[in-house]
Amino acid sequence: GAGLVLNVNLSINNGSDYWSGSDWTSTPTTVQAPVALDGTWSYTHLPTGFDVRTGTYSISATVFDYAGHQSSPQSGVTNLFFTLDDSPPTLTINAPGNGSSQIAFPNVTVSASDSQGVQDVVVLLKRDSDSFYWNGSAWTTNGLSSFQPTTYNSGNQTYSGNFTLPVLNAISPEGSYTYTVAAVDVAGNAQFQNAQFTVAPDTTP
């Protein structure tokens, strides 16, 4: 019951090392989290700075009451696993080529991968002459709301823009444009890549 447990013993490990409350050690050890009178508890002396490691962690919690009875392990309740990932996805713009010349607005195709999985890939098209952004139907100054979706092609494992492209005309004139692509993994890490290209009509007779 509430108030019958003094501390929660925590085993926090990453690989073969254990967290001591101040550093990592290869010796199995536990840290203690005090229990409040209402039965709640928390532990705040977690790794920071250079002690933060990526990879898989396991945390196990054990308590003893004043009579010496030990809590029973429950998977997902008293012990759990999680992965700490601070690495962004790898991202490559396959087309259009950076610095390329186009006779019409090209769709964008990219390759993106991540060890923990890619959650989303979005595309932003900028008109370089005035830094307006294509929102799928018009040019606007709001870049954040102009990111466009992509479609994943499992056959060649690429992502392609899934939106209506502008047409070369008075409001989308020939000139310089830039695609910015953002790939986001399941942990929220983002990678960005740019490809600048020029659009001009084909004047070949």
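User: Where is leucine 84 found?
Analyst: This is a predicted model: local features need pLDDT of at least 70, side-chain atom pairs count only at pLDDT 80 or more, and totals for chains, interfaces and linings use all residues. Residues are numbered from 1 along each chain as its sequence is written, and side-chain values use heavy atoms, leaving out hydrogens and water. Strands are DSSP runs of E with at least two residues, helices are runs of H or I with at least four, and both are numbered from the N terminus. Leucine 84 is found in strand β6.

User: Why does leucine 84 count as partly exposed?
Analyst: Buried means under 20% relative accessible area, exposed means over 50%, and partly exposed lies in between (1.4 Å probe, protein chains only). Leucine 84 counts as partly exposed because its relative accessibility is 31%.

User: Which residues is leucine 84 in contact with, leaving aside its neighbours within four places in sequence?
Analyst: Contact means heavy atoms within 4.5 Å. With those neighbours left aside, the partners of leucine 84 are Val52, Arg53, Thr54, Gly55 and Tyr57.

User: Which residues make the nonpolar surface patch of about 290 Å²?
Analyst: Patch residues have over 30% relative accessible area and no salt bridge; like charges are joined within 9 Å, and nonpolar side chains (Val, Leu, Ile, Met, Phe, Trp, Tyr) within 5 Å. The areas come from the Shrake-Rupley method with a 1.4 Å probe, and for residues only the protein chains shown count as cover. Valine 52 sits in the loop between β4 (31–34) and β5 (55–65), and counts as partly exposed because its relative accessibility is 39%. The patch is made by Val52, Leu80, Phe82 and Leu84.

User: How many bridges pair β5 with strand β6?
Analyst: Two strands pair if DSSP finds at least two bridges between them. Isoleucine 59 stands opposite leucine 80 in β6. β5 and β6 (residues 79–84) pair in the antiparallel sense, and the number of bridges is six.

User: Which residue in β5 is the bridge partner of serine 11?
Analyst: Strand β1 (residues 5–14) runs antiparallel to β5, with eight bridges joining the two. In β5, the partner of serine 11 is serine 60.

User: Which residue meets arginine 53 in a salt bridge?
Analyst: A salt bridge is a side-chain nitrogen of Lys or Arg within 4 Å of a carboxyl oxygen of Asp or Glu. Here the N to O distance is 2.8 Å. Arginine 53 lies in the loop between β4 and β5, and its partner, 36 residues apart, lies in strand β2 (residues 17–19). That partner is aspartate 17.

User: Is arginine 127 buried or partly exposed?
Analyst: Arginine 127 forms a salt bridge with aspartate 130, with the closest N and O atoms 2.7 Å apart. Aspartate 130 is partly exposed because its relative accessibility is 33%. Arginine 127 has 11% relative accessibility, so it counts as buried.
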